[in-house]
Amino acid sequence: MANLTLYGLKNCDTCKKALNTLDADGHDVELVDIRADTNLEEKVPQWLKEVGPDMLVNKRSTTWRGLSEGDKAAVEQGKAEALLIANPTLIKRPVIETGADVYVGWTADVQAVF
């Protein structure tokens with residue numbers, strides 16, 4: 001099985017579910033704290049290129065609801081990079097890197113891949 005890197009938060013229920021399922025299925029998974037241990041200046045542009053802002057920005061988060069209309073409009077116009085770097089909790093979790101691909105969230109579609 002491939003080595004996987006799961007970017008998320010230790011206290012995030014969705015990240016815990018993903019980590020436990022992947023681990024139980026025999027994957028070698030490393031959890032990296034998206035706030036404390038991730039170089040977002042490097043990762044966010046890569047993730048945006050791979051999956052796009054519609055997939056990466058968590059528009060259901062408390063952080064999103066607290067943004068100004070101007071910031072929300074910037075994201076809608078594809079200018080999400082600086083906002084995601086400044087507000088890591090805006091990133092939909094987990095972000096899973098396989099080495100070749102990037103998956104966001106723990107939906108049925110993502111689970112089917114693993």
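Two strands count as a pair when DSSP finds at least two bridges between them, and the exercises below apply this to a predicted model.

**Exercise 1. Work out the order of the strands in the open sheet, and state which strands lie at its edges.**

Step 1. The open sheet holds four strands with mixed pairing, and their order is β2-β1-β3-β4.

Step 2. The edge strands are β2, covering residues 28-33, and β4, covering residues 102-104, since each of these pairs on one side only.

Step 3. Averaged over the sheet and with direction ignored, neighbouring strands are turned by 20 degrees against each other.

**Exercise 2. Describe how β1 pairs with β2 and with β3, and find a bridge partner for Asn3 and for Tyr7.**

Step 1. In general, the strands of a sheet pair through backbone hydrogen bonds, in either a parallel or an antiparallel way.

Step 2. Strands β1 and β2 run parallel and are joined by six bridges; here Asn3 stands opposite Asp28 of β2.

Step 3. Strand β1, residues 3-8, pairs with strand β3, residues 95-97, in the antiparallel sense over three bridges, and the bridge partner of Tyr7 in β3 is Val95.

Step 4. Helix α1, residues 13-24, packs on the sheet, where it touches β1, β2 and β3, and its direction makes about 170 degrees with that of β1.

Step 5. Because five of the six residues of β1 are buried, this strand is largely enclosed by the rest of the structure.

**Exercise 3. Identify the residues that touch the most other members of the largest nonpolar core, and say which elements supply that core.**

Step 1. The largest nonpolar core has 32 residues, of which Trp47, Leu56, Leu84, Ile91, Val95 and Ile96 touch the most other members.

Step 2. At least two residues of this core come from each of β1, α1, β2, α2 (40-51), α6 (81-86), β3 and β4, and the largest share, four residues, is that of α2.

Step 3. To see the surroundings of one of these residues, take Leu84, which touches Leu40, Val44, Leu48, Leu56, Val57, Leu90 and Ile91 when residues up to four places away in sequence are not counted.

**Exercise 4. Decide whether Val75, Lys72 and Asp54 are buried or exposed, and list their contacts beyond four places in sequence.**

Step 1. The cut-offs needed are under 20% relative accessible area for buried and over 50% for exposed.

Step 2. Val75 lies in helix α5, residues 69-76, and because its relative accessible area is 5%, Val75 is buried. Leaving aside neighbours within four places in sequence, Val75 is in contact with Val57, Lys59, Trp64, Ala80 and Leu83.

Step 3. Lys72 also has its place in helix α5, and with a relative accessible area of 16% Lys72 is therefore buried. Not counting residues up to four places away, Lys72 touches Trp64, Arg65 and Leu67.

Step 4. Asp54 belongs to helix α3, residues 53-56, and its relative accessible area of 63% is why Asp54 is classed as exposed. With neighbours within four places set aside, Asp54 is in contact with Lys59 and Lys92.

Step 5. The C-alpha atoms of Val75 and Asp54 are separated by 8.7 Å, although these residues are 21 residues apart along the chain. For Asp54 and Gly78, 24 residues apart along the chain, the C-alpha separation is 8.7 Å.

**Exercise 5. Describe the largest pocket through its space and its lining.**

Step 1. The largest pocket contains about 240 Å³ of space.

Step 2. Its lining has 14 residues, and the closest to the pocket centre are Lys92, Val104, Gly105, Trp106 and Thr107.

Step 3. Strand β4 provides the largest share of this lining, three residues.

Note on methods:
Residues are numbered from 1 along each chain as its sequence is written. This is a predicted model: local features need pLDDT of at least 70, side-chain atom pairs count only at pLDDT 80 or more; totals for chains, interfaces and linings use all residues. Side-chain values use heavy atoms; hydrogens and water are left out. Axes are lines fitted to C-alpha atoms, for helices over the stretch in contact, and angles run from 0 to 180 degrees between N-to-C directions. Contact means heavy atoms within 4.5 Å. A nonpolar core is a set of buried Ala, Val, Leu, Ile, Met, Phe, Trp, Tyr and Cys residues joined through side-chain atoms within 4.5 Å. Buried means under 20% relative accessible area, exposed over 50%, partly exposed in between (1.4 Å probe, protein chains only). On a 1 Å grid over the protein atoms alone, a cavity is a set of points where a 1.4 Å probe fits but cannot get out, and a pocket is an open set with protein on both sides within 12 Å along at least five of seven lines; lining residues have an atom within 4 Å of a point. Grid points are joined across faces, edges and corners, and a volume is the space filled by probe spheres set on the points.
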